[in-house]
Amino acid sequence: MNANRRDILKYTAAAAAATALPASFAQNTTGAIDSRDRVFITNEDSNTLVVIDPRTNTVETTINLTSFDEDPRPPFRYITAGVAPTHAAMIHKPLYHGCIDAHGAVPSPDGLLLATSGRGSSNIYLIDAVEKRVIGNTPNPVAGPTTTAERLSSGILLGREPHEPTFSRNGKELWVALRGEGRIAILDVERALRQLRGSEVSSVRQFLPTLNGPAQVWFNRQGTLAFVASQKVAKVDVFSVNLDANGHSQPKHLRTLDISAQDKLGFTPFMKTTPDGNELWFSHKLADALSCRSTREGFELLDNVSLGAMGRPNHVEFVANAQGSVVYASLARVDDSGPGGVASSQIAIIDRSAKTGERKMDNSFFSHGRESHGLWTNPENTLLYVAHEQDELPGTPNAGQTVCSAFDVSDPFKPNFIAQIPLGNLALPSGGLRNKKSINLVYVRPGVKGQTA
């Protein structure tokens, strides 16, 4: 058999594996997928949000955060004279007013809203998770066969590098880490909705000074404490939220934690509390490690978990069900020895039930994509979805596509691969804009309390 034939057979087998639905999944977890369930993924290079229906594991729609094709004249078009611009050229086209570098995404506690940030455009957008549309868009006065039906909202301008937004536990506020300014923008959600719909109101309640390079805010389970991680200094700020009678915050700085022993280089892009609310897990990307601290006063270090050389962890997620309790960490490193010989990143598995102080990376599994990033589980903790930054390589089943992967995690220690989902294109009147470089991913069931509640 010659090399070309071997390659064809290898990639054909890989393609079959990518679309197969394991019998165990069909029998055990299909009933857990609610008709409202959707997976939302922010795509930084295309400035789009892909919406996946987990019942079919296909792209249902793409939410457009670009301003292309709102006018038939060439300066407004995505593709002119058959030429698709590079990403750098795309966002610098004359008269472009759309999102630049779509990045963070988080659901409101009731799952009815999503907040996503434009890092480069210095703003945030609110998305209706039921209608799957941008709040504040207006009818396009020149709508027609060669133009879009809507004009994109300008969102809410906040400041340099809004990296990650996070809803307060009661859903009344949105805290946005302004990574380029050393402060947090705190928005009133109700006023933000009014502002986006055209009312002359300001949604920003205050700017809260914090440590340099804030990457993200996350709240304890009770919503009484706010933790702020940084990508510039090896510290974590802790604030007392101090809710008033209307459920709005009156934040006060409580203390600053020194995490230099865990994150010498001061680059912690992501953190999240466990479902029971007792622990806060941090991703120290350049240290190739995770750490875990108590969310109670004192905030003592509970674990420091090495993920191996060049692991480069991005996000963490928790799964707890009848078969066990784990922490997953998406690794940016790409290994050549993936399934079917196709390059793939891995997801680290840490056993949360192990003794505190002794938890470590027990195992890993391939993510079936390159440079794994965002990951999120369904409410039943039986499904896991993973986003990836890099496109699939030539000669692979979804060559040239950015992909999302789905897993059955009914046994969290033995994830069962379900599907590799190509994200496809946003169909614009002038041509297809490929969904590219996925960052944040969230699994949402609108109307049901989720992980931010």
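This is a predicted model: local features need pLDDT of at least 70, side-chain atom pairs count only at pLDDT 80 or more; totals for chains, interfaces and linings use all residues.
Me: Why is the pair of Trp175 and Phe219 called edge-to-face?
Reply: The ring centres of Trp175 and Phe219 are 5.1 Å apart and the planes stand at 85 degrees. Centres within 6.5 Å make a pair, and planes over 60 degrees apart count as edge-to-face, so the label applies to these two rings.

Me: Why do Trp175 and Phe219 count as buried?
Reply: Trp175 has 0% relative accessibility and Phe219 has 2%. Buried means under 20%, and therefore Trp175 counts as buried, as does Phe219.

Me: What makes the pair of Phe68 and Tyr78 tilted?
Reply: Eight aromatic pairs are counted in the model. In the one formed by Phe68 and Tyr78, the centres are 5.4 Å apart and the planes are at 45 degrees. Planes under 30 degrees apart would be stacked and those over 60 edge-to-face, so the remaining range is tilted. Phe68 and Tyr78 are placed in the loop between strand E3 (58-64) and helix H3 (87-90), ten residues apart, and both are buried.

Me: Why is Thr86 called exposed?
Reply: Thr86 has 53% relative accessibility. The label exposed requires over 50%, so Thr86 qualifies. Thr86 is found in the loop between E3 and H3. The C-alpha atoms of Thr86 and Ser46 are 10.0 Å apart in space, while the two residues are 40 apart in sequence.

Me: How do you know that Lys272 lies over the face of Trp376?
Reply: The distance from Lys272 to the ring centre of Trp376 is 3.6 Å. The distance limit is 6 Å, together with an angle within 35 degrees of the ring normal. Arg183 likewise lies over the face of Phe207, 3.8 Å from the ring centre.

Me: Which residues touch the most other members of the largest nonpolar core?
Reply: That core has 32 residues, and those with the most contacts to other members are Phe40, Ile41, Ile52, Leu65, Tyr385, Cys404 and Leu441. Strands supplying at least two residues each include E1 (38-43), E28 (383-390) and E33 (438-444). Among the residues that Tyr385 touches are Val39, Trp376, Cys404 and Leu441. A second, separate core holds 18 residues, including Ile124 and Leu174.

Technical notes: Residues are numbered from 1 along each chain as its sequence is written. Side-chain values use heavy atoms; hydrogens and water are left out. Rings of Phe, Tyr and Trp (its six-membered ring) pair if their centres lie within 6.5 Å; planes under 30 degrees apart count as stacked, over 60 as edge-to-face and the rest as tilted. Helices (H or I, at least four residues) and strands (E, at least two) are DSSP runs, numbered from the N terminus. Buried means under 20% relative accessible area, exposed over 50%, partly exposed in between (1.4 Å probe, protein chains only). A nonpolar core is a set of buried Ala, Val, Leu, Ile, Met, Phe, Trp, Tyr and Cys residues joined through side-chain atoms within 4.5 Å. Contact means heavy atoms within 4.5 Å. Lists of a residue's contacts leave out its neighbours within four places in sequence.
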